[in-house]
Amino acid sequence: MKVSELARTAGVTAETVRHYTREGLLAPQRDPDNGYQLFNQQDLDRLRFIQQARTLGFSLHEIGEILAHADQGDSPCPLVRDLLASRLPRIRARIAELQALAERMEQAMAAWENMPDGTPNGHSLCHLIERFPEEP
């Protein structure tokens, strides 16, 4: 398969395939006649694995580590568990931060609902933001 065929089969863009190849996650063969990159079923399976790992939040670097373990015949599962276990608390903290931000934005929208618009006058840029209480 050429790049475009692999991309179409996997449901990604050709640029995604090229990017993963540049990152070393895919290693296609070269057609000796024209130099085109040629991919096989194993590359398709690997591409699908990469996409699935991305949906779980793994970075391309981490996916590279996982694939390297597998390529060496070692089980990457302990690494996968450790990566997710260390990331999950950070994700939960970020969700809490975003929820607090959303609540603050809702408070601002409610407070600003009946306030008139203002124009910058050299002392004020946007009175809506300037008059909103600072975060506690």
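**Buried positions in a predicted model**

Biologist: This is a predicted model. Which residues are buried in helix H1?

Modeller: Helix H1 covers residues 3-10. Its buried residues are Val 3, Leu 6 and Ala 7.

Biologist: Why do these buried residues of H1 count as lying on the same side?

Modeller: Look at Val 3, Leu 6 and Ala 7 in H1. They share a side of the helix because of the arc they cover around the axis. That arc is only 100°.

Biologist: Which residue follows H1, and what is its phi?

Modeller: The residue after H1 is Gly 11. Its phi is positive, near 75°.

Biologist: Is Gln 37 buried or exposed?

Modeller: Gln 37 sits in strand E2. Beyond four places in sequence, Gln 37 touches Met 1, Lys 2, Val 3, Thr 21, Pro 28, Gln 29 and Arg 30. Buried means under 20% relative accessible area. Gln 37 has 18%, so the residue is buried.

Biologist: What is the relative accessibility of Ile 63?

Modeller: Ile 63 lies in helix H4, residues 60-71. Leaving out residues up to four places away in sequence, Ile 63 touches Leu 25, Ile 50, Ala 53, Arg 54 and Phe 58. Ile 63 counts as buried because its relative accessibility is 0%.

Biologist: What separates the C-alpha atoms of Ile 63 and Leu 25?

Modeller: Along the chain, Ile 63 and Leu 25 are 38 residues apart. The two residues are in contact. Their C-alpha atoms are separated by 7.9 Å.

Methods
Residues are numbered from 1 along each chain as its sequence is written. This is a predicted model: local features need pLDDT of at least 70, side-chain atom pairs count only at pLDDT 80 or more; totals for chains, interfaces and linings use all residues. Side-chain values use heavy atoms; hydrogens and water are left out. Buried means under 20% relative accessible area, exposed over 50%, partly exposed in between (1.4 Å probe, protein chains only). Helices (H or I, at least four residues) and strands (E, at least two) are DSSP runs, numbered from the N terminus. The arc is that of the directions from the helix axis to the C-beta atoms. Contact means heavy atoms within 4.5 Å.
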